[in-house]
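Dear colleague,

Please find the structure below.

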Amino acid sequence: MDAHLTDGMFWGVLAFALLAAFVITTPVNKWMIGRGKGHPVVHQYHH
């Protein structure tokens, strides 16, 4: 909570969080698309 926009710690933690999110969600998305449950299929229920 003490890191500001000018601190390297802020940018390092942000980069780590984005990398972790990518690593976790990519296999899930590939699995969903492989099963025919991709983005367009999921969003057909919102209209």
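How many helices and strands does the protein chain have? The protein chain has two helices and zero strands, where helices (H or I, at least four residues) and strands (E, at least two) are DSSP runs numbered from the N terminus. Please note that this is a predicted model, in which local features need pLDDT of at least 70, side-chain atom pairs count only at pLDDT 80 or more, and totals for chains, interfaces and linings use all residues. Residues are numbered from 1 along each chain as its sequence is written, and side-chain values use heavy atoms, with hydrogens and water left out.

Helix H1 covers residues 8–34. Its 27 residues should span 39 Å at 1.5 Å a residue, which agrees with the 39 Å between its end C-alpha atoms; the expected span is 1.5 Å times one less than the number of residues. H1 has a kink of about 25 degrees at threonine 25, shortly before proline 27; the bend at a residue is the angle between axes fitted to the seven residues ending there and the seven starting there. After H1 comes glycine 36, with a positive phi near 80 degrees.

There is one aromatic pair. The ring centres of phenylalanine 10 and tryptophan 11 lie 4.9 Å apart and their planes meet at 90 degrees, so the pair is edge-to-face (rings of Phe, Tyr and Trp, the last by its six-membered ring, pair with centres within 6.5 Å; planes under 30 degrees apart are stacked, over 60 edge-to-face, the rest tilted).

Of the 47 residues, 2% count as buried (under 20% relative accessible area; exposed is over 50%, partly exposed in between, with a 1.4 Å probe and protein chains only).
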